[in-house]
Amino acid sequence: MNKLSINNKEWQNIAGLIVIAMFFIGDRLLKQLALEQVYGQSKDILGNWLQFNFVPNPYIAFSIPFGGILVNILSTLLITFLLIALIRLIIKKLLSTIEKLLIILVIMGAISNLIDRLMYGFVIDYLDLKYFTIFNLADMMISGPIAFVILNFKKYGNHGKNILKPKE
């Protein structure tokens with residue numbers, strides 16, 4: 001009789017996917033809460049340094065003035081490309097667990113913001129960081145992994161200890 005066993009790598013995949021699902025669901029719930037809030041009426045989270053404040057954002061990241069149907073088309077194409085690339089890389093077993101999870105995190109953040117664009121014509125931003133910008137959890141799901149990869153590459157380059165590199 002064979003016992004069903006899950007190795008450490010499979011547990012990492014499962015745990016990572018659960019965390020990503022929690023971020024995605026949390027973002028969707030916070031966006032719904034923001035929509036129900038009166039526009040311009042902020043609630044303090046960390047004093048006036050971080051506030052919960054509904055702001056419709058018709059533009060791309062950091063309110064760079066580029067929006068409209070073209071952004072929807074480009075976002076859809078980018079998400080599709082990332083999904084196809086991810087599937088091909090997984091099939092060829094060329095990604096480490098962390099790389100797979102980082103790519104999935106970016107895709108899920110992009111999907112959450114694309115849902116907003118398609119449903120409302122804008123992205124729902126709700127975290128107002130004093131002296132910076134207003135953003136949402138999906139924005140952090142996109143920019144966090146990208147910043148992580150850039151910093152990892154800057155620190156280790158193409159050689160040496162690299163946590164993104166699969167163990168030999």
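Trainee: Where is the place of Asn136?

Mentor: Please keep in mind that this is a predicted model. Asn136 is found in the loop between β4 (134–135) and α4 (137–156).

Trainee: Is Asn136 buried or exposed?

Mentor: A residue counts as buried when its relative accessible area is under 20%. Asn136 has a relative accessibility of 0%, so Asn136 is buried.

Trainee: Which backbone nitrogen atoms lie 3.0 Å or 2.7 Å from a polar atom of the side chain of Asn136?

Mentor: The backbone nitrogen of Ala138 lies at 3.0 Å from a polar atom of that side chain. For the backbone nitrogen of Asp139, the distance to a polar atom of the Asn136 side chain is 2.7 Å.

Trainee: Let us turn to charged residues. How many salt bridges does the structure hold?

Mentor: The general idea is that side chains of opposite charge can pair when their charged atoms come close. The structure holds 3 salt bridges. In one of them, Lys31 pairs with Asp27, and their closest N and O atoms are 3.0 Å apart.

Trainee: Why are Lys31 and Asp27 separated by about one helical turn?

Mentor: An α-helix has 3.6 residues a turn, so residues three or four places apart point the same way. Lys31 and Asp27 are separated by about one helical turn because they are 4 residues apart in helix α1 (residues 8–36). Lys31 is buried, with a relative accessible area of 1%, and Asp27 is buried as well, at 0%.

Trainee: With which residue does the side chain of Asp116 meet at 2.8 Å, N to O, in a salt bridge?

Mentor: The partner at that distance is Arg28. This pair links distant parts of the chain, for Asp116 belongs to helix α3 (residues 97–120) and Arg28 to helix α1, 88 residues apart. Asp116 has a relative accessible area of 0% and is therefore buried.

Trainee: How far apart are the closest N and O atoms in the salt bridge of Asp116 with Lys31?

Mentor: They are 2.7 Å apart. Asp116 lies in helix α3 and Lys31 in helix α1, so this pair ties together parts that are 85 residues apart in sequence. Through shared partners, the salt bridges join Asp27, Arg28, Lys31 and Asp116 into one network.

Trainee: What span does helix α3 reach from its first C-alpha to its last?

Mentor: One compares the span with the value expected at 1.5 Å a residue. Helix α3 has 24 residues and reaches 35 Å, close to the expected 34 Å. Just after α3, Gly121 takes a positive phi of about 85°.

Trainee: Now to the strands. How many bridges join strand β1 (residues 43–46) to β2?

Mentor: There are 3 bridges, and the two strands run antiparallel. Asp44 has Gln51 in β2 as its bridge partner. The hairpin of β1 and β2 has 3 residues between the strands, and Gly47 takes a positive phi near 60° there. Strand β2 is also joined to strand β3 (residues 123–129), by 6 bridges, and this pair too runs antiparallel. Asn57 stands opposite Val123 in β3.

Trainee: Why is strand β2 (residues 50–57) largely enclosed by the rest of the structure?

Mentor: The reason is that 6 of its 8 residues are buried.

Trainee: Which residues form a nonpolar patch on the surface?

Mentor: The patch consists of Ile64, Phe66, Ile69, Leu70, Ile73, Leu74 and Leu77, which together have about 660 Å² of accessible area. Leu70 is located in helix α2 (residues 69–91). With a relative accessible area of 43%, Leu70 is partly exposed.

Key: Residues numbered from 1 in each chain as written. Predicted model: local features only at pLDDT ≥ 70, side-chain atom pairs only at ≥ 80, totals over all residues. Heavy atoms only, no water. Salt bridge = Lys/Arg side-chain N within 4 Å of Asp/Glu carboxyl O. Buried < 20%, exposed > 50% of the residue type's maximum accessible area, 1.4 Å probe, protein only. Patch = residues over 30% accessible without salt bridge, like charges linked within 9 Å, V, L, I, M, F, W, Y side chains within 5 Å. Areas by Shrake-Rupley, 256 points an atom, 1.4 Å probe, with all protein chains shown as cover. Expected span 1.5 Å × (residues − 1). Pairing = 2+ DSSP bridges. Polar contact = N/O pair within 3.5 Å; in protein donor to acceptor, adjacent residues only side chain to side chain.
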